[in-house]
Amino acid sequence: MIWGIFKRDMCHATRNVIAVIVSMGLVVVPALYAWFNIAASWDPYGNTKALKVAVANNDKGYKSDLIPVRVNVGETIISTLHANDQLDWQFVKSDKAIDGVKSGEYYAAIVIPKGFSADMMTLFSPDIKHAQLKYYLNEKINPIAPHITDQGATTVVNTIDKTFAKTIAQVGLDLASSILHYSQSPQMAEYMRNLNGNLTTMADTLSGASQQVTSYSQLLGSANDIVDSTGKLLASATKAGKQAQNALKQGKSGATSFTSAGANVTSSVNTALDQVSGAFDQVAAKVNKAFDAIGKGSDTAASQLATLSEQISSGESLYDTYITSLNHMRESVEQLPDSDSAKQALLEAIDREITLLEAAKGDSQKLAQQLKDASTQVTQDTAAAESSRKEILNRITSAKQSISNVRDDYATNVKPKIDALASTVSTLISQTDSMITQLSGTADGLDDVTGDVGTNVTSIRSTLGAIAKKLDSSAATVKELITKLETGGNAGDGNSDGGDGDNDADSGESDELRALATANASTLSTLISAPVALHRVSVYPIANYGSAMAPFYTILSIWVGAIILCAMLKVTISDREKAHVLGLGDTLPRIAGPSGPGNASRWGLRLDHEYFGRYAIFALLALLQGTLVCLGDTYFLGVQANHALQFLAVGWLAALVFSNIVYTLTVSFGDIGKAVAVVLLVMQVAGSGGTFPIETLPKFFQMLYPFLPFPHAIDAMHAAMAGSYGNEYLLDMVYLALFLIPSLLLGLMLRKPVIRLNNWVSRNLESTKVM
C-alpha cells in the first residue's frame with residue numbers, strides 16, 4: 001500500500017514540464033536561501049575599512065620646564081591613524097565631523113580637544129586630570145556598525161596609552177643608561193679603588209688590634225704558668241734545704257702588684273737557682289762524707305749515695321715543668337704581631353734559656369746515674385771508689401756550672417725581656433686587688449699567692465677575649481663590605497670569576513641590568529608600553545565567518561524547505577487515489593463514507609499506510625534539499641568541512657527529522673499545523689544559539705534550548721566541519737534523531753482523536769465564509 005501511494009505520487013510529480021519545474025524549485029529554493037545568507041556574511045569584519053569615521057584634531061600641544069620639548073599627542077594620533085587601515089579614517093575639521101555624523105555621512109567621529117596634551121602631562125603634577133576624547137556615534141544607521149566603530153575608537157585610545165607609556169619609559173631608560181655608563185667610567189673606577197683601599201686598611205687595623213689583644217691575653221696565661229712553675233721549683237728547693245725559706249721570705253716586701261710580683265718571681269728564681277747550686281755543694285760534701293765512710297762501713301756509704309741519687313732524680317721534674325712553662329710563653333710570644341720589636345729578641349732569649357735548662361737537666365741525670373752506679377761499686381770494688389768520687393765531684397761541678405749558666409742567662413737575657421713585657425701589661429696587672437702578703441717556706445703559701453694572681457689574670461683574659469671578638473666581628477663586617485664592592489665592580493666590568501653561588505647571582509643580575517640599559521631604548525620602551533602580547537591559539541579553527549555561520553543558515557534552510565513542501569504539496573490522499581491504489585477503479589464504494597483519512601481501512605488501506613505512503617515523496621524531496629544545500633555549501637561556496645561525509649549526513653538526518661515534524665503537524669492539524677511549524681521556526685531562530693551564545697540569551701530561551709532540534713543539528717554540523725571532541729558528533733546525531741519519536745507518536749498513535757478535532761476546527765473555519 002505504501003509503495004503504491006509513493007509510485008502514483010512520483011508519476012503525478014513528473015507528468016508534465018510544469019510539475020517537474022515546480023518539483024525542482026522545491027529542491028532548489030531552500031538551498032538558495034542558505035547560500036545567499038552564507039555568501040552575504042562570508043567576511044563582514046574583513047571589510048570594515050569601508051566604514052567612514054571622521055577624526056578632528058584641535059590639540060594645541062604642551063611644553064613645560066620639566067619637558068622642554070613641545071609635546072602634541074593629537075599630532076601623534078593623526079600620524080598613527082594614517083597608517084591604520086581598520087576603518088576609512090576621514091581627517092576633517094571638528095564642525096564637519098560632527099555634522100557628518102548627524103547626516104549619516106560618517107558612522108562615527110573622534111574629536112581631540114584643545115587641551116588634550118596638557119591634560120596628559122598633568123601626570124607629573126599634583127593635580128592629575130584624565131585626558132578625554134570626544135566620540136560621536138550615529139546608532140541609527142546600522143545595528144552592527146556602532147560596535148565596529150567602537151572597536152576603532154578603542155584602538156585609538158590604546159594607541160594613545162601605548163605612545164604615552166612608551167615616551168615615559170624611553171626617558172627613564174635613557175636616564176638609567178646614563179647612570180650605568182657613568183658607573184663604568186674611569187672616575188667611578190678610581191673612586192671605588194680608593195674606597196676599597198681605605199676599607200682594606202681599616203679591616204687590617206681591626207684584625208691587628210684583635211691579634212694584639214689576643215696575644216696579650218695568652219701572655220698573661222703564660223705568665224700565670226710561670227708563676228705556678230716557680231712555686232713548684234721553690235717548693236722543691238725547700239726540700240733540699242731550709243735556706244730556701246729565708247730566700248723566699250726576702251721577696252715578700254716586693255709583691256705589691258703584678259709587675260712587682262713578676263720581679264719577685266725573677267728574684268725568687270735567682271735565689272732558687274743559687275740554693276740549687278748550694279744544694280749541689282751539700283751533695284758534694286755528702287758524697288765526700290760517704291766515700292770517706294767506705295772503709296768503716298761500705299753499706300752505709302752505698303745507702304747515702306743511693307739516697308743522694310734519688311734526691312737528684314726527683315728534681316728532674318722541676319726542670320721539665322720550667323721548660324714547659326717557657327714553651328707556653330714562647331707560643332704566646334709567637335702570637336704577637338711581627339711588627340712588635342721585642343718579639344724576636346724574647347723568642348731567642350727563651351730558646352737559649354730552654355737549651356741551658358735542658359743541658360742542666362742532662363747534667364743532673366748523669367749525676368744521679370753516677371751516684372747510683374757508685375752506690376753499687378762501693379760494695380763491690382773499693383779500689384774503684386776513689387775514681388768514682390772524682391768523676392762524681394767533677395759531674396757536680398759541671399751541674400753547678402750549668403745552673404750558673406742558667407742563672408746568668410736568665411739574669412742577662414730573659415729577666416730584662418720579662419720585665420719589659422711586665423711593663424707592657426702593667427696597666428692590666430694594676431687591676432689585681434689581691435696582694436702577696438707573705439711567702440713562707442711551704443708550697444701551700446706560695447699556692448695561695450699564685451692562686452690570687454691567677455684569678456685576677458683569668459678575669460682580665462676574659463675581658464680581653466670579649467674585646468678581641470668584637471674587633472674580629474668588626475673586621476669581618478668591613479671585609480664583607482669590601483667583597484660586595486669588589487663583586488659589584490667585577491660584575492660591572494664583566495670579569496666576575498664565578499667563585500660562588502652568591503657572586504654568580506650578583507653577576508647575573510648586573511649583566512641583566514647592563515643588557516637592559518645598553519639595549520635599544522626604543523625597543524624596550526615599546527615592550528614596557530605594551531608588555532603583554534595576545535597569542536591566539538585556535539581550538540577547532542574555522543576558516544572564516546561565513547563558514548562559522550553556515551551550520552545555522554543550512555539547518556534553517558532545511559526547515560524552511562520542509563515548510564515549503566507542506567505548503568506546495570497535499571498531505572492528504574483523495575478517495576480517487578485511494579481507489580486506484582486499491583484497484584477499485586476511479587471511486588471508492590459509497591459504503592466508504594465521507595472523504596477523509598481512514599475511510600478505506602475496510603479494504604486494507606490503513607491510516608499508517610496513508611501516513612507513510614504520502615510522506616515518502618516528502619522524505620525524498622527533503623533528502624534532495626538537504627543534499628543540494630550541503631554539497632553547495634562545501635563545493636560551491638567553499639565552506640570548511642573537515643569531514644564532508646559527516647557534514648552531508650547531518651543534512652540528511654535534519655531533512656528527515658524536520659520534514660517529518662512539519663508533515664506530521666500539517667497532517668494532524670491542517671493549516672494550523674503549518675502555522676505551528678512557522679512558530680517553531682521563529683523560536684529556533686532566536687533560541688538555537690546559532691548566532692549568539694545561548695548563555696547571552698534570556699532565561700526562557702536557555703530553558704527551552706535543549707528541547708529544540710536546531711541546536712543539536714547545528715552542533716553536529718560544527719563537529720563535522722571542525723572536528724569532534726570525543727563522541728560529541730554521535731551524541732548530537734542521536735539527540736536529533738530522538739525528535740522522530742514524538743513526531744511519529746503524534747502521526748500514528750494519536751491520529752484518530754486528532755482527526756476528529758481537526759475536522760471540527762475545519763468545519764468552524766469554513767462556516768465563516770472567510771477562512
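Predicted model: local features only at pLDDT ≥ 70, side-chain atom pairs only at ≥ 80, totals over all residues.

## The buried face of H26

Helix H26 spans residues 740-749, and its buried residues are Ser743, Leu746 and Gly747. Viewed along the axis of H26, these buried residues lie within an arc of 90°, so they line one face of the helix. An α-helix has 3.6 residues a turn, so residues three or four places apart point the same way.

Ile741 and Met749 are exposed on the other side of H26. The cover over the buried residues of H26 includes helix H20 (607-637), helix H21 (644-669) and helix H27 (751-766).

## Packing of H21 with H25

H21 also packs with helix H25 (residues 728-737), at an angle of about 15° and with the axes 10 Å apart. Angles under 35 degrees count as roughly parallel, and H21 and H25 are therefore roughly parallel to each other. The crossing of H21 past H25 is left-handed.

On the H21 side, the contact is formed by Gln646, Ala649, Val650, Leu653, Ala654, Val657 and Phe658; H25 contributes Tyr729, Met733, Leu736 and Ala737. Classified by type, the contact of H21 with H25 contains ten nonpolar residues, one polar residue and no charged residues.

## Packing of H18 with H24

Helix H18 (residues 545-568) packs with helix H24 (residues 709-722) at an angle of about 135°, their axes being 9 Å apart. H18 and H24 are therefore oblique to each other, and H18 passes H24 in a right-handed crossing.

Residues of H18 that meet H24 include Pro551, Phe552, Ile555 and Trp559. Among their counterparts in H24 are Phe710, Ile714, Met717 and His718. The contact of H18 with H24 comprises twelve nonpolar, three polar and no charged residues.

Methods: Residues numbered from 1 in each chain as written. Heavy atoms only, no water. Buried < 20%, exposed > 50% of the residue type's maximum accessible area, 1.4 Å probe, protein only. Helix = DSSP H or I, 4+ residues; strand = E, 2+ residues; numbered from the N terminus. Arc of directions from axis to C-beta. Contact = heavy atoms within 4.5 Å. Axes fitted to C-alpha atoms, helices over the stretch in contact; angles between N-to-C directions. Parallel < 35°, antiparallel > 145°, perpendicular 65-115°, else oblique. Left-handed = near helix turned anticlockwise from the far one by under 90°. Nonpolar A, V, L, I, M, F, W, Y, C, P; charged D, E, K, R; others polar.
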